[in-house]
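The following note sets out some points for discussion with a colleague. Please read each point alongside the model.

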Amino acid sequence: TCSEEGGTLLLRAMQLRDKLLHQFATDEHNISFNGSSIGPSGGKDRESLPGSEASSGAVLDDGTWDPIGDTLNIPLRDEQQLESSKVPNLRVVVISDTHGFEGALCQFAEKQHRDVFDGAGLSKKSISNEFMLPKADVLLHCGDFSASGSRKSQRAASRRLDEFLARQAHIPEKIVVQGNHDPDSTAKVLFPRSKALYVRHSSMLKVNGVTFAIEPYSRRMSHRRYDIGRLDRLELPKCDVFVSHEPPKNVLDLTYHGFRVGSVYLRGMVEHSENKPRLWCCGHIHESRGVVIRHFANDDSEEDGDETVVLNASNSNTGRANRLVAGAVVVEIERSSIGD
């Protein structure tokens, strides 16, 4: 019948689309860091970042390959190494685009970080009951803890996240960055139980010797509306870690429709900054979860300058979120001192 033929054609079109998207993702993740591969997203040769404690990755709950693995190590720059004293790394747990399903993160934490929990003397039962994430110094949420809806539903999402974060008492610092689905709340304290910091405006934070520059989502800065002619006046403040909700244009921003929808504004900030961040954490595009290393130059040269590790830590499924398919990412950031 016509309906059966139409269904067959639609299925073939979807299969072709998935094949092309897989090829795009594979190409994007075939990159190297100081001459060493950090792992293609497909094939047998799946290596992790140099010095990483992570396994080489995992198959997500939706059947796709997760190239991130469990842990990323972010080393100091060469000039910072000279000033470095032997201090412990800053350990950051990064999540993004949980859309109200934060409680499901514990199932991934159990599988990926049993050694962390065992060292803390916790049983599997207590992990599940308490929705525990891996032990860390900082918990960073890159935005979209809520979903599109009324203010009432956004308030409910805020309460759920606050309860979840409050259970992570073993992580002293908690930072939540506003995403495009999150409330534009004027409340001084959005998360009273967990005491998490909700970042709605451009901010600079220093946590135990590591500097974070944070740019929450803003429709004024959307790639669709921003005046590209003003990009030459942008510059990112000096920082170790840059955090945004959106990914940069043409980096981990490929949608399942095949479009690149990252932010020109944010990319321009980094390209025009004299001091590049060592790490850029983002989310927003669920299907582009991954990690790459890029030179962000403000001209056609891509060979000179410091490298930046870009991490899209999205946890939700492709497209409109209805479940989580990946766990948190643990990032070990080297630092030269504990600092203030």
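Which backbone oxygen does the side chain of His99 reach? The points below begin with that residue; the model is a predicted one.

1. The side chain of His99 reaches the backbone oxygen of Ser146, at 2.7 Å. The side chains of His99 and His286 are also joined, by a polar contact of 3.3 Å.

2. His99 lies in the loop between β6 (90-95) and α3 (105-112). Its relative accessible area is 10%, under the 20% cut-off, and His99 is therefore buried. Beyond its neighbours within four places in sequence, His99 is in contact with Asp144, Phe145, Ser146, Ala147, His181, His286, Ser316 and Ala321.

3. Helix α7 (residues 264-271) is largely enclosed by the rest of the structure, because seven of its eight residues are buried. Those buried residues are Tyr265, Leu266, Arg267, Gly268, Met269, Val270 and Glu271. They pack against three strands, β11 (210-215), β12 (241-244) and β13 (279-282).

4. The start of α7 shows a side-chain to backbone approach: a side-chain oxygen of Ser263 comes to within 3.3 Å of the backbone nitrogen of Tyr265.

5. Ala196 belongs to the loop between β8 (173-177) and β9 (197-199). With a relative accessibility of 8%, Ala196 counts as buried. When neighbours within four places in sequence are set aside, the contacts of Ala196 are with Leu165, Lys174, Val176 and Phe191.

6. Ala196 may also be viewed against Leu161: the two residues are separated by 35 residues in sequence, and their C-alpha atoms are 9.8 Å apart in space.

Methods: Residues are numbered from 1 along each chain as its sequence is written. This is a predicted model: local features need pLDDT of at least 70, side-chain atom pairs count only at pLDDT 80 or more; totals for chains, interfaces and linings use all residues. Side-chain values use heavy atoms; hydrogens and water are left out. Buried means under 20% relative accessible area, exposed over 50%, partly exposed in between (1.4 Å probe, protein chains only). Helices (H or I, at least four residues) and strands (E, at least two) are DSSP runs, numbered from the N terminus. Contact means heavy atoms within 4.5 Å. A polar contact is a pair of N or O atoms within 3.5 Å; within protein, one must be able to donate a hydrogen and the other to accept it, and residues adjacent in sequence count only if both atoms are side-chain atoms.
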